[in-house]
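Please look at the sequence and the structure first.

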Amino acid sequence: MKQKVVVKVSMPCERSRSRAMALAARADGVISMAITGDARDKLEVIGDGVDPVCLVSCLRKKVGHAEILQVEEVKDKKPEEKEKKPEEPKPKPQLPVVVHPPPQGYPGGGYYYHHHHPPPRMVVCEEPSSCPVM
């Protein structure tokens, strides 16, 4: 549920306003926020599932006095958008793809390097032992 929360916050200077905005931005579910009011003392937060009580308690701890003024549900304007005919996406012109062969001397570039490894050494014991694995 998308909702709009208006909180009155004690923000006497620009620093406290920016701090309040930063705290509101970090809250879960916040989509947008703004500072409103004649005295620029109201913080308007719009979000999906924003907890106003948690937001206010965080603002009280970090900024100063804060109180909830209004909490209301925000209705989306999507039904109006559905009535309009959706435009078909225009196909993007395809750019030619240029493939360059890899430089000579690199793996896959025409040369294959084969490293000759000597066979592993085998230890042959001429004495009979009690080890069944040889």
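Three salt bridges are counted, a salt bridge being a side-chain nitrogen of Lys or Arg within 4 Å of a carboxyl oxygen of Asp or Glu. The model is predicted, so local features need pLDDT of at least 70 and side-chain atom pairs count only at pLDDT 80 or more, while totals for chains, interfaces and linings use all residues. Residues are numbered from 1 along each chain as its sequence is written, and side-chain values use heavy atoms, with hydrogens and water left out.

| Salt bridge | Distance between the closest N and O atoms |
|---|---|
| Lysine 4 and glutamate 72 | 3.7 Å |
| Glutamate 14 and arginine 17 | 3.5 Å |
| Arginine 40 and glutamate 14 | 3.8 Å |

Helices (H or I, at least four residues) and strands (E, at least two) are DSSP runs, numbered from the N terminus. Lysine 4 has a relative accessible area of 18% and is buried, whereas glutamate 72, at 32%, is partly exposed. Buried means under 20% relative accessible area, exposed over 50%, and partly exposed in between, with a 1.4 Å probe and protein chains only.

Glu14, Arg17 and Arg40 are linked in a network of salt bridges. Glutamate 14 and arginine 17 are three residues apart in helix 1 (residues 14–26), a separation of about one helical turn. Arginine 17 is buried at 11% relative accessibility; glutamate 14 is partly exposed at 48%. Arginine 40 lies in the loop between strand 2 (30–36) and strand 3 (42–48), so its pairing with glutamate 14 in helix 1 ties together parts that are 26 residues apart in sequence. Arginine 40 is partly exposed, at 38% relative accessible area.

The largest pocket has a volume of about 160 Å³. On a 1 Å grid over the protein atoms alone, a pocket is an open set of points where a 1.4 Å probe fits, with protein on both sides within 12 Å along at least five of seven lines; lining residues have an atom within 4 Å of a point. Among the residues that line the largest pocket are Leu23, Arg26, Cys54 and Cys58. Helix 1 and helix 2 (52–62) are the elements that give two or more residues to this lining. Helix 2 provides the largest share, three residues.

Methods
Points joined across faces, edges and corners; volume = space filled by probe spheres on them.
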